[in-house]
Amino acid sequence: MNSFRRTLSPANHDHSYQNGTGFSSQSDKFLPNGNSKHFPSSTHLPFLFNAVNLVYRKGWRRSVCWCLFFFLIGCVFGITPFGRIDTDIQAKDFAFPKLKPPHVNLQFDDQIVTSVSFGVNTRLQEQKEVTDLIEPLKQLIVVTPTYNRGFQAYFLNRLGQVLRLVKPPLVWVVVEEKAASFETAEILRKTGVMYRHMVCTLNSSNVKDRGIHQRNAALEHIERHKLDGIVFFADDDNVYTLELFESLRTIRRFGTWPVAMLAQSKNKAILEGPVCNSSQVIGWHTIEKSKRLRRFHVNMSGFAFNSTILWDPKRWGRPFSNPIRQLDTVKEGFQETTFIEQVLEDESQMEVLPHILCWWHISSTFLSRFAAIIVI
């Protein structure tokens, strides 16, 4: 039998055995105890090579060990200073450059600007100017005497519904005789009109016009509290138009107008009031022979006046300061003219409203018959 002898490679004789083993590989040249000339011995990384050598002997993490080894070598070289760092940093190195606008040569041809107007008017300013031009409406002081009778609730409700349609400000002064009734107070409360419920304690049984004392109580109340507005006497049994109350606000001192009345016992209308030429009173409408002796032929609901005449006589140049009241000592039908004579001197101080303002007086007898027909 032939025998073959394998000669050992001379390259393997130079390998050294460590820890009693003869295993060696070409990778030992990269280890600290190898004969590799690629990495000279260094005193800075003894622990690193020992750790790699221990892991390498395991044999199954060779690739991971090499990656970790070179990664650590790179970190060491990365943090090692190899040059000079300039630490002389000044604030001027971070300063932004100054930007200067270009020079513009403006030449004015002897023109001097004295003022600049933008010409902008805001809507708020325009509304404020319009508001200043609009004058506030005058307050109306409507005086109504009333007493307990069959159609009192009907009369008050009817007048209250008309006053409810009038633009404010308006004060309805309702004066009862003897005592204030709960029914009247309830009616006034439901109308929604600002009112003042008063009571006149004077006895009116001996006076034909029982509303005289009640109107005087309202005049005293206006004078005491200095209510400012246009005073108008509106009896509850009359029918008034809405245009009448709107026209009262045009009165400055004393205003009057023609009144059309429906007679109780006659099938015709009676016109009573001033005869005017433009805005001046030149005469009076009247057909009653007994009333021709009156100075002013005006109905109680045919005039209105400024309330300041009652409590500010100096404003209107009144020579006396006696309280202005209706008189109960004069004949029936003369209460109006005697009252107006206390307010003004002659027709030149009157203001005539441009339209004929009508109100109608319906007797209680007619209403009673009409109610009986409805019941039947």
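User: Which strands does helix α5 lie across?
Analyst: This is a predicted model. In it, helix α5, residues 152-164, lies across β1 (140-145) and β2.

User: And how does α5 run relative to β2?
Analyst: At about 170 degrees to β2.

User: What about α10, which strands does that one lie across?
Analyst: Helix α10 (residues 335-343) lies across β4 (230-233), β6 (254-256) and β10 (303-306). Its angle to β10 is about 25 degrees.

User: What's the strand order in the sheet?
Analyst: The order is β3-β2-β1-β4-β10-β6-β11. It is an open sheet of seven strands, and the pairing is mixed.

User: Which strands are at the edges?
Analyst: β3 (195-200) and β11 (351-352), each of which pairs on one side only.

User: Do β2 and β3 pair in the parallel or antiparallel sense?
Analyst: Parallel, over six bridges; β2 covers residues 170-177. Within that pair, Trp172 stands opposite Tyr195 in β3.

User: Switching to His213. Where does it sit?
Analyst: His213 is in helix α7, which spans residues 211-225.

User: Buried or exposed?
Analyst: His213 is buried, because its relative accessible area is 12% and the cut-off for buried is under 20%.

User: What does His213 touch, leaving out residues up to four places away in sequence?
Analyst: Cys200, Leu202, Asn203, Ser204, Val207 and Asp328.

Conventions: Residues numbered from 1 in each chain as written. Predicted model: local features only at pLDDT ≥ 70, side-chain atom pairs only at ≥ 80, totals over all residues. Heavy atoms only, no water. Helix = DSSP H or I, 4+ residues; strand = E, 2+ residues; numbered from the N terminus. Buried < 20%, exposed > 50% of the residue type's maximum accessible area, 1.4 Å probe, protein only. Contact = heavy atoms within 4.5 Å. Pairing = 2+ DSSP bridges. Axes fitted to C-alpha atoms, helices over the stretch in contact; angles between N-to-C directions.
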